[in-house]
Amino acid sequence: MLHLAIQITKKYISLYIKLLFSTNKSVNPTTKKIIMTNVQIPDALLVKNYIAGDEKALGILITRHQFRIYNFIFSKINDRDVCDDVFQDTFIKVIKTLKSNSYNEEGKFLPWVMRIAHNLVIDYF
């Protein structure tokens, strides 16, 4: 599964690079924009890159999922300050787990992070 995701990602990135650096004037700028916004590196690849030392990969993961995770936490705790703390603690646990090579990639990054957030919400009460 991960291999397929990497192949698909490479295909999109290759197409993106060709369009971006193309000297062919026939490529519509709108098409370039659509390709650029649809190129999304899979979570599994970002996790792998982060473990290998690419700190920007974690930033992408946090940015990609922060709305959903934060809203989940806030739906359980109606206090912004506490919600901010739980959100931060969630990603501290994520970072510690990833850095210790304890994470088992099964293509389920977001559900795993949501479970960590859920457990921290329970710990809060």
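**Aromatic pairs and contacts in a helical model**

At 16% relative accessibility, Phe87 counts as buried in this predicted model. The cut-off for burial is under 20%. Tyr70, at 17%, is therefore buried too. The ring centres of Tyr70 and Phe87 lie 5.8 Å apart, with the planes at 70°. An angle over 60 degrees counts as edge-to-face, so this pair is edge-to-face. Tyr70 belongs to helix α4 (residues 55-76) and Phe87 to helix α5, so the pair ties together parts 17 residues apart in sequence. Tyr70, Phe87 and Phe91 form one aromatic cluster.

Three aromatic pairs are counted. One of them joins Phe109 and Trp112, whose ring centres are 5.9 Å apart. Their planes meet at 55°, so the pair is tilted. Both residues lie in helix α6 (residues 109-124), three residues apart, which means a separation of about one helical turn. Phe109 is buried at 2% relative accessibility, whereas Trp112 is partly exposed at 21%.

Phe109 is also among the residues touched by Asp43, along with Leu61, Arg64 and His65. Asp43 lies in helix α3 (residues 43-51). Its side chain makes a polar contact of 2.5 Å with the side chain of Arg64. A further polar contact, of 2.8 Å, links the side chains of Asp43 and His65.

Charges also sit over rings. The charged end of Arg80 is placed over the ring of Phe74, 4.2 Å from its centre. Lys99 lies over the face of Tyr50, at 4.5 Å from the ring centre.

Thr90, in helix α5 (residues 80-99), is buried, with a relative accessible area of 0%. Beyond its sequence neighbours within four places, Thr90 contacts Ile73, Val113, Ile116, Ala117 and Leu120.

Conventions: Residues numbered from 1 in each chain as written. Predicted model: local features only at pLDDT ≥ 70, side-chain atom pairs only at ≥ 80, totals over all residues. Heavy atoms only, no water. Helix = DSSP H or I, 4+ residues; strand = E, 2+ residues; numbered from the N terminus. Polar contact = N/O pair within 3.5 Å; in protein donor to acceptor, adjacent residues only side chain to side chain. Contact = heavy atoms within 4.5 Å. Buried < 20%, exposed > 50% of the residue type's maximum accessible area, 1.4 Å probe, protein only. Phe/Tyr/Trp six-rings, centres within 6.5 Å; stacked < 30°, edge-to-face > 60°. Lys NZ or Arg CZ within 6 Å of the ring centre and 35° of its normal.
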